[in-house]
Amino acid sequence: MTLASTLETRLAARARPLFGAPALRFAALLALCSAYIQGPLTKIFDFGGAIAEMNHFGLHPAPFFAVAVIVFELAASAMVLSGFFRWLAALALAAFTLAATFVALRFWELAPGQERVMATNAFFEHLGLVGAFLIVAWQDLHERRSGQP
């Protein structure tokens, strides 16, 4: 064993009790799903704004899409948090986020400047969310295959 691998093994053994704790895992999943909980709640309390958002992105009929997005995001988040078909919900949120990112954050169409920089950053942050949901799905499927809880 090399010094680096020995050090990594020792550090991992110390970190495992904290980072392997179920409460921390739930908090991490809650943080990951937070935008998919906050967004629908905002749409519920300002349904007119939700309809305006759907119209802005060319989704018609807007009320149908507003309700569908609200139900989808809340249900998928609940599934990720509860563990009920977590892998499937995580894949669905990854696909939804990827599609929404290409609809809402077309930074390449914007003129150079602050707005383009912000849209570019948001685009790649959303790709990070897609990656995180893919990891959640992978982890859940891996645990189910190996018989872990």
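1. F19 belongs to helix 1, which covers residues 3-19. Together with L18 and L24, F19 makes a nonpolar surface patch of about 310 Å².

2. Confidence. The model is a predicted one. The mean pLDDT of the protein chain is 95, and 99% of the residues reach at least 70. Confidence is lowest in helix 1, where the mean is 89. The highest value belongs to helix 4 (residues 62-82), at 98.

3. Geometry and burial of helix 4. The end C-alpha atoms of helix 4 are 30 Å apart, which agrees with the 30 Å that its 21 residues should span at 1.5 Å a residue. Its buried residues are A62, A66, V69, I70, E73, A76, S77, V80 and L81. They lie on the same side of helix 4, because the arc they cover around the axis is only 155°. F64, V71 and S82 are exposed on the other side of helix 4.

4. Geometry and burial of helix 5. Helix 5 comprises residues 86-104, and its 19 residues should span 27 Å at 1.5 Å a residue. The distance between its end C-alpha atoms is 26 Å, which agrees. Which residues of helix 5 are buried? They are R86, A89, A90, L93, A94, T97 and T101. These residues share one side of helix 5, since they cover an arc of only 140° around the axis.

5. Four salt bridges are found in a search of the whole structure. In one of them, the side chains of E143 and R25 meet at 3.2 Å, N to O. Because E143 lies in helix 6 (residues 114-146) and R25 in helix 2 (residues 22-45), the pair ties together parts that are 118 residues apart in sequence. E143 is buried, with a relative accessible area of 7%, whereas R25 is partly exposed at 30% relative accessibility.

6. E53 and K43 form a salt bridge in which the closest N and O atoms are 3.1 Å apart. E53 is in helix 3 (residues 47-56) and K43 is in helix 2, so this pair joins parts that are 10 residues apart in sequence. K43 counts as buried at 12% relative accessibility, while E53, at 30%, counts as partly exposed.

7. The side chains of R144 and D140 meet in a salt bridge at 2.9 Å, N to O. About one helical turn separates the two residues, because they are four residues apart in helix 6. Are R144 and D140 buried or partly exposed? D140 is buried, its relative accessible area being 3%. R144 is partly exposed, with a relative accessibility of 45%.

Note on methods:
Residues numbered from 1 in each chain as written. Predicted model: local features only at pLDDT ≥ 70, side-chain atom pairs only at ≥ 80, totals over all residues. Heavy atoms only, no water. Patch = residues over 30% accessible without salt bridge, like charges linked within 9 Å, V, L, I, M, F, W, Y side chains within 5 Å. Areas by Shrake-Rupley, 256 points an atom, 1.4 Å probe, with all protein chains shown as cover. pLDDT = per-residue confidence, 0-100. Expected span 1.5 Å × (residues − 1). Buried < 20%, exposed > 50% of the residue type's maximum accessible area, 1.4 Å probe, protein only. Arc of directions from axis to C-beta.
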